[in-house]
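Subject: Structure handover

Hello,

Here is the structure for you to look at. My notes follow below it; please read them with the structure open.

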Amino acid sequence: MLEKTFLDRLLRHLKVGAVKITYWDGTTATYGQGKPQAHLTIKSPRVIRAMARNVSLGFGEAYMNGEITTKSDLSEVVRLSNQNRRAFQGLAKLRRLTHTKHNRNRRSRQAKQIQAHYDVGNDFYKLWLDKSMTYSCAYFAKPTDSLETAQAQKVDHVLRKLQLKPGMTLLDIGSGWGQLLIRAVQQYGVTGHGITLSKEQYKLSVERAKKLGLADKLTFELINYQDLAECPGLQFDRIVSVGMFEHVGRHNHKKYFQAVDKMLKPGAITVLHTISSQYAESTDAWIDRYIFPGGYLPAVSEVVELQQDFGWRLLDYENLRPHYAKTLHEWHRRYLQHHAAIVKKYGSKFDRMWQLYLSGSESGFRDGALGLSQFVFSKGINNQLPLTREHVYPKLSSKPKTAKK
């Protein structure tokens, strides 16, 4: 059959690892060298026809629908693809001949795009995130750190880079469920303002601030960062964004920097924490359709090049790639502990979608296709900043000073 011929021609180019395929008619074939690290069952020839149009979208949808199953660890399947990236580049011409519609990242659509992912429900995320509900890369000072410890360390790591002082104002763009701002207000005595487009995140953040008695120092707002930047005279001493820039969209990067530049005081610091890609390329079609509509993972060079348009200075850069691989592994482990309940409430298709997302993401970080970039910028030149990095990397036993009341 033509479908088998197509897949045979594709997989015979594997340079690293091997895969075993069981076809819909019961026949099997092994591709690559050595013992297969993955074993897939393809239940219909239409799966291969879909993959011929777009490998990622075709595979992802087939896996979600149960038309592809695996007897091996799902992350190994993604790893095999990452390791043989060059072998699959021949499909690029074919993909250009077909049309995969991507979600356009327009200002009018951004709220719905964010809500599509984050408003699945707080109860869902509570099942597998840590107790602080921190949904971004953790920071493992030791391999044995728990997720709770590592997430607390990540928040403190980011806050140290901001060089906060009592009385400062801090804006968190994409504030999630509020943990970073809660910590900043409690430990550094700043006044915090968080913005999000997720109704679920906003609701819980407000509840947490009120419960902790921080409502006079900590506020949250359901608003687009571009709308906030249009408020006359609004400026902050510090601006931070953790895990939000991925949603900005490739053609909106300059708009984000313009907004931050407008809201940041001269000489002040902003920290940008974002997933980055090793390659500047289009968003994966399956991720765009089912996980993060309208999103884009920037290459490091794309972010750094923008600073020259605003006179910013890059003070520090760090890649936490292995930390995110560990974070995702722990999220997936916790997710599987509630697997039956998730399937019962959300269905098998939803479950397979999320498992593919978590496994694929872990593999992307572990194999180096993805990175976790932390940029520290100053708005213009500030000669009063520390000469060393001691404020970022104190002894592990030290703790942030609690602000005097």
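Leu 171 stands opposite Ile 239 in strand S8. Before going on, two remarks on the source. This is a predicted model, in which local features need pLDDT of at least 70 and side-chain atom pairs count only at pLDDT 80 or more, while totals for chains, interfaces and linings use all residues. Residues are numbered from 1 along each chain as its sequence is written, and side-chain values use heavy atoms, with hydrogens and water left out.

Strands (E, at least two residues) and helices (H or I, at least four) are DSSP runs numbered from the N terminus. S8 covers residues 236-242, and seven of its seven residues are buried. Buried means under 20% relative accessible area, exposed means over 50%, and partly exposed lies in between, with a 1.4 Å probe and protein chains only.

Which strands pair with S8? Strand S5 (residues 169-173) pairs with S8 in the parallel sense, over three bridges. Strand S9 (residues 264-277) is also parallel to S8, with six bridges. Two strands count as paired if DSSP finds at least two bridges between them. Ile 239 stands opposite Thr 270 in S9.

S8, helix H12 (residues 253-263) and S9 together make a right-handed β-α-β unit. Right-handed means that, with the strands pointing away from the viewer, the path from the first strand over the helix to the second runs clockwise.

**Thr 270**

Is Thr 270 buried or exposed? Thr 270 counts as buried because its relative accessibility is 4%. Its side chain reaches the backbone oxygen of Ile 239 at 2.9 Å. That is a polar contact: a pair of N or O atoms within 3.5 Å, where within protein one must be able to donate a hydrogen and the other to accept it, and residues adjacent in sequence count only if both atoms are side-chain atoms. Leaving aside neighbours within four places in sequence, Thr 270 is in contact (heavy atoms within 4.5 Å) with residues including Ile 239, Val 260, Trp 312 and Phe 375.

**Aromatic rings**

How many aromatic pairs does the structure hold? There are 36 aromatic pairs. Rings of Phe, Tyr and Trp (its six-membered ring) pair if their centres lie within 6.5 Å; planes under 30 degrees apart count as stacked, over 60 as edge-to-face and the rest as tilted. The pair of Tyr 118 and Tyr 135 is edge-to-face because the planes stand at 70 degrees, with the ring centres 5.8 Å apart. This pair links distant parts of the chain, 17 residues apart: Tyr 118 is in helix H6 (residues 110-118), and Tyr 135 is in the loop between helix H7 (122-126) and helix H8 (147-162). Tyr 118 and Tyr 135 are buried.

Tyr 125 and Trp 128 form a tilted pair, at 5.6 Å centre to centre and 45 degrees between the planes. Both of these residues are buried.

Lys 4 lies over the face of Tyr 23, at 5.0 Å from the ring centre. The charged end of Lys 4 also sits over the ring of Trp 24, 6.0 Å from its centre. A charge sits over a ring if NZ of Lys or CZ of Arg is within 6 Å of the ring centre and within 35 degrees of the ring normal.

**Positive phi**

Met 133 is not a glycine, but has a positive phi of about 60 degrees. Met 133 is found in the loop between H7 and H8.

Regards
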